[in-house]
Amino acid sequence: MGAWIEVCAAGDIEQEDLIRWDYGSRSFAIYNTGKGYFATDGYCTHERQHLGDGLVIGPVIECPLHQGRFDIATGKALTPPVCEDLATYPVKVEGGVVFVRL
Ligand code: FES
C-alpha cells in the first residue's frame, strides 16, 4: 500500500474540471466531479496525450487529441480510439486538502 501524497487544496480544482499533477517522474490527472475527487494516470492510453487539457463530461474524461473517453472513477476505456483502460488511484479530501495514494 502506497503513501498518501498531498496534491493541492480542494478548491484549486473547479467543479467538473481537472488539473495536471506531476509527481517525481510521473504525471497524473486529478478530477473534481459531481461525485467527488478522483485520480488517474495523466496520459491517455492511445497516443500519450495528457488528459489535463481534456474535458470533464459528468463521470467521463474526454481526451483533447482524438476525443476518446474514459470513465473517471474506474479508468475504463469507453469510446474509440481508446481501448486500454487508465490506471486509477485512491483519493481522499481531508481538511480541505486533496491526497492521492500512490
Ligand atoms: S491520444 Fe487520447 S484519444 Fe488519441
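**Entry 1. Ground rules.** I am working on a predicted model, in which local features need pLDDT of at least 70, side-chain atom pairs count only at pLDDT 80 or more, and totals for chains, interfaces and linings use all residues. Residues are numbered from 1 along each chain as its sequence is written, and side-chain values use heavy atoms, with hydrogens and water left out.

**Entry 2. Whole chain.** I then listed the elements and found 11 strands and zero helices (DSSP runs numbered from the N terminus; strands are E, at least two residues, and helices H or I, at least four). The radius of gyration is 13 Å, close to the 13 Å that the globule rule gives for 102 residues, so the protein chain is as compact as a globular protein of that length. That radius is taken over C-alpha atoms, and the rule is 2.2 Å times the number of residues to the power 0.38. Along the principal axes, the C-alpha atoms fill a box of roughly 40 × 25 × 20 Å. I noted that 38% of the 102 residues count as buried (buried is under 20% relative accessible area, exposed over 50%, partly exposed in between; 1.4 Å probe, protein chains only).

**Entry 3. Charges.** I found 8 positive and 14 negative side chains in the protein chain, with the centres of the two sets 6 Å apart. Lys and Arg count as positive, Asp and Glu as negative; His and the chain ends are not counted. Each charge is placed at NZ of Lys, CZ of Arg, CG of Asp or CD of Glu.

**Entry 4. Histidine 50.** I located histidine 50 in the loop between β4 (36-41) and β5 (55-57). Leaving out residues up to four places away in sequence, I listed what histidine 50 touches (heavy atoms within 4.5 Å): Arg20, Ser27, Phe28, Gly42, Tyr43 and Pro64.

**Entry 5. Aspartate 53.** I found aspartate 53 in the loop between β4 and β5. Its relative accessibility is 65%, so aspartate 53 counts as exposed. From aspartate 53 to aspartate 17 I noted 9.5 Å, C-alpha to C-alpha, and 36 residues in sequence.
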